[in-house]
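Open the model in your viewer and keep the selection panel at hand. The stops below say what to select and what is there.

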Amino acid sequence: MGAIIKYLVAGILRYWLIHTDYWQILANRVEIATPLNSWKRLIEGVYLYDQDINPYEGDSFHESPIILIIFHFLFKRAPYILPLLFTAIDLLTASLLHKASKAFVRIFLNCQQKNQSDVADESKDMLLSREQLMETSEYVLSVYLFNPYSILNCVGMTTTVVQNALLAAALCSAANGFGIVACACLAFATHQALYPVLQIVPIAMILAEVNKGCDKCSYIRTLLAFVVSWGFLIYISAYIMDGSYNYVYNTYGFILTIPDLKPNVGLFWYFFTEMFEHFRLLFICAFQINALALYIVPLTLRFKKEPLLLITVLLALSTVFRSYPCIGDVGFYMAFIPLWRHLFSFMQQKFIVACAFIITSALGPTVWHLWIYSGSANANFFFGVTLSFATAQIFLITDLLFAYIKREFTLRNGFSRMVDGKPAKLVLR
Amino acid sequence: MGRSTFILRVTIFLISLICVQGDTFHEELVIKPFLPAHLYTYFQFITLVNSESSEDTHLSPRSLLEIVSRFQVDELHFTLTEGQWRHRQWGYPVFDAAPGAELYAWFTSEVKDVDSQWKKLSAALSGLFCASLNFIENFNTITPQMALWPMSALPTNKNITSQLRYASLPREIVCTENLTPWKKLLPCESSQGFSALLNSRMIHNTNYHSIGVHVRKICASKDCSEINLEIKQTVSLVYDLNIIKSMDWSFTKLFGQGLPGACPLATSSKVYVDVTSNATRPFQLVPPPESVIYSQRGGSDTTFALYNIKADGQMVTIGAKHGSKNALTLSTPPPIYFNRYILGYGKEFGGIVTELINNFWTPIEVVVLENAPWWLPIQLSSLRINGEAKSDLVLSRYYSPGRSRQKPYHLELLMKLPPRSTTTLTIDFEFIFLKWQEYPPDANHGFYVGSAIITANLPTARNYTSLPISGSTFDSIINASKPWYPAVLRTNGAMVSLPTPDFSMPYNVICLACTVVALAFGPLHNICTKELVLKPTGTPVSLTQKIMNLFKKKQD
């Protein structure tokens, strides 16, 4: 009953906001809409496609051709349904996340059971009970439904709503053992925005864990399913564009080379605005490697027993370091934070991070207005705000990881912080 | 010097004329008063080249001819303009031109790689006229589909748009340094003939000035078995008589000196003064004209006073003296005129509005060419005609979307303007954030948006001064009634102010952004490579002791 009320309230809130006069302003906000996902670009792309002009010839549309024809169909047949559709997709995402988190809790409990022998006697109280954990999935639902970031993302009717739904579906089906569905959904999300490709690693790990049996076979199967479905989607897209693969330059090429320097909440825009021309390629490579390849291997090796943590951290990292992030991505990974409620007591920067999120969210639109409309500020102000927003997210991620390893240590070695009767402190060595 | 050399020159000229029997040169000046207080002077210098190769020409500028033959150009139009032609008050000029530099050319059908040829042509012309045409790149070049038609006598009657390239540089500033090489192309340069009147001191002070070179191929005879190359150099000037502080004008007042006779190499040297307005606001020409020509063309009656200028070295000064009675007079607006402006505030979203006004009693078909640079991305889905997304007025449409740093946005609409109506075209754009090195010097000055081209087949010749397509000299305008009168017009340009980054701190930005990346990299690296251990801390040290320790280390 409670859940239904939550859905209802969240749905009505979103639907109502789409129909207010402020919708246009929200849909055009730089924090919500990027060149990749904005509603305006979607309309332009669909319009051009409808007029038999290749939308990928110009610079106005960067979504995948599959999204293009789906929305072309919707615009032609039932344009009035779109606000409702976006609301429904977002609610579906919430419910998928809810389901996924329930399955994650089961996996988590299994893990805890397996590793119980390593736990020190005095730390036995720290082990989580089923009831405690079951509560967290309710929090996941509430956080996604009422997080202002995800609400605004849905109200802005960005294609990130679809991407979040696909990611949630991939995670949910992986946690429940539906390998093919998970791979297909993830491939679609990757086809849309490239960065979700990172999730294939934790998903493969979860699938191997859920479907008991040969681990390596499962990895290979997952990877194969993912590559095949991704390739299939690329082929289908080319088929839609009359066999031409040129759209790739406008989708993946656009994501990778960052030709549009319109400000967003990420780190790329001002960095590449101010970049010296002969260093541009070097730094584009460096930043993209940082976003796509740098952290995946070490984090996987370090947290191979904790695919759930890996999912959360990789989602967050790829949001911070992607070329065109929006607050919809932030809202999505934030829904996973309640899963780590038991780590909160080990986190040190909760207050700082929370304050930074609130302050930057308020300051961002303010300095944007000052810069663009009143002309009394300049680009540095907005850059400063996006920098601190990124820093806050990074602090959140690293704090979460530190909290996790501290808890792990405490579980194994007890609460005592004494070595041979002398006071000691925890350090990394 | 003096008379004997002059006679010698004329003799040489006559001999060469007999030998080569090729090129002819005409110089013409048309003066037309615009009511209430402007004066339009239009110079045209026409060289007709008969010979095939550029070597045996004697009047035509070899530098230009070589460019034309080298790059296989069929037709070429190049103008450098400062100021804004006011179509509503002034009617239509003989050749309209976009503000700044404008270049368009048709290449012969043998040219396969038109783009590279176009780049070479603009570079060559850039050197010839000292203009910044080398800024013409792919990202500001378009291929108009309907708006521009060749005026050449071409083997096919079709508009071969694949061979056409168009570019305009609205930021280009026109100066003396462009006029001097332009005058060098004339056979008499600036020593003799009408070009002696073109003092840069005087003409750069006008309200509007435009110099141009137009090269095309025309039929030498009726059956078009032979083709001549026509090189037409034009100067359009609009004087504001309020600045001269008198309605009376004369060559001395306008050009700073009188006309020192015709160019001896010219076949004809004629001055036409439009005296039609004499009926409403009487004036007296001094000296009185040799003859008066009446012309009836497409429903408008025009009267020209004609002077034949001789190459006898006699100083000629033509002027007009108005009667004492100064009646308030207004000009009748032309059949179509237009207006263009930028909408919106802030530096995020905006719109371009083009208003087209048809005040004729029949519908007029026009082609509107909107040419938005790549840094002003227009959204076709936001195109509204009189506020409607779907309009019956649009008969045909061509759109080529732009690409950042590669291709401009190019929209062409064939529209039927209803009689006595105002049609408003609105299209939205988004401001682009450029890389810091892409901003021009003085980035906050604003960015120039080129003018739209409007091509119309006018049903009336009211306020229409262009020559008929087959005509070369100005006398072809006399009684040249046609079913319609083609006009290629340019709207005014516009200016937008793009958002700018802080140009002074690239290093800071690079350092700060990298620091944030390092903030993630450092802890993640630690977490992944190190393990947590308990390390005994010694007895707690007081702050003073810590400071003391610091000093001790320094002493070591």
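The tour goes from a helix pair to the chain contact and then to a sheet.

This is a predicted model, in which local features need pLDDT of at least 70 and side-chain atom pairs count only at pLDDT 80 or more, while totals for chains, interfaces and linings use all residues. Residues are numbered from 1 along each chain as its sequence is written, and chains are lettered from A and ligands numbered from 1 in the order in which they are written.

**Stop 1: two helices of chain A**

Select residues 82-114 of chain A, helix H5, and residues 160-175 of chain A, helix H8. Helices are DSSP runs of H or I with at least four residues, strands are runs of E with at least two, and both are numbered from the N terminus. The axes of H5(A) and H8(A) lie 8 Å apart at an angle of about 25°; axes are lines fitted to C-alpha atoms, for helices over the stretch in contact, and angles run from 0 to 180 degrees between N-to-C directions. H5(A) is therefore roughly parallel to H8(A), a term for angles under 35 degrees. Now show the contact residues (C-beta atoms, placed from the backbone, within 7 Å). On H5(A) they include A:Phe86, A:Leu96 and A:Ile107, and on H8(A) they include A:Val161, A:Ala168 and A:Cys172. Coloured by class, the residues of this contact divide into 17 nonpolar, two polar and two charged. Nonpolar covers Ala, Val, Leu, Ile, Met, Phe, Trp, Tyr, Cys and Pro; charged covers Asp, Glu, Lys and Arg; the others, Gly among them, are polar.

**Stop 2: where chain B touches chain A**

Next, select the contact between the chains: 43 residues of chain B meet 54 residues of chain A. Which element gives the most to the chain B side? H9(B) does, with 14 residues; select 506-529 of chain B to see this helix. The chain B side has 27 nonpolar, eight polar and eight charged residues. Pairing requires at least two DSSP bridges between the strands. Within S26(B), B:Pro536 is opposite A:Ala424.

**Stop 3: the sheet in chain B**

Finish on the open, mixed sheet of eleven strands in chain B, ordered S5-S6-S4-S3-S7-S8-S2-S1-S10-S13-S12. S5 (141-142) and S12 (291-297) are at its edges, each with a single partner strand, so one side of each has no neighbour in the sheet. Select 24-34 and 38-49 of chain B: S1 and S2 pair in the antiparallel sense over eleven bridges, and B:Thr24 has B:Leu48 as its bridge partner. Helix H4(B), residues 114-129, lies across S3, S4, S5 and S6 of chain B and runs at about 135° to S4(B).

Definitions and conventions: Parallel < 35°, antiparallel > 145°, perpendicular 65-115°, else oblique. Contact = placed C-beta atoms within 7 Å.
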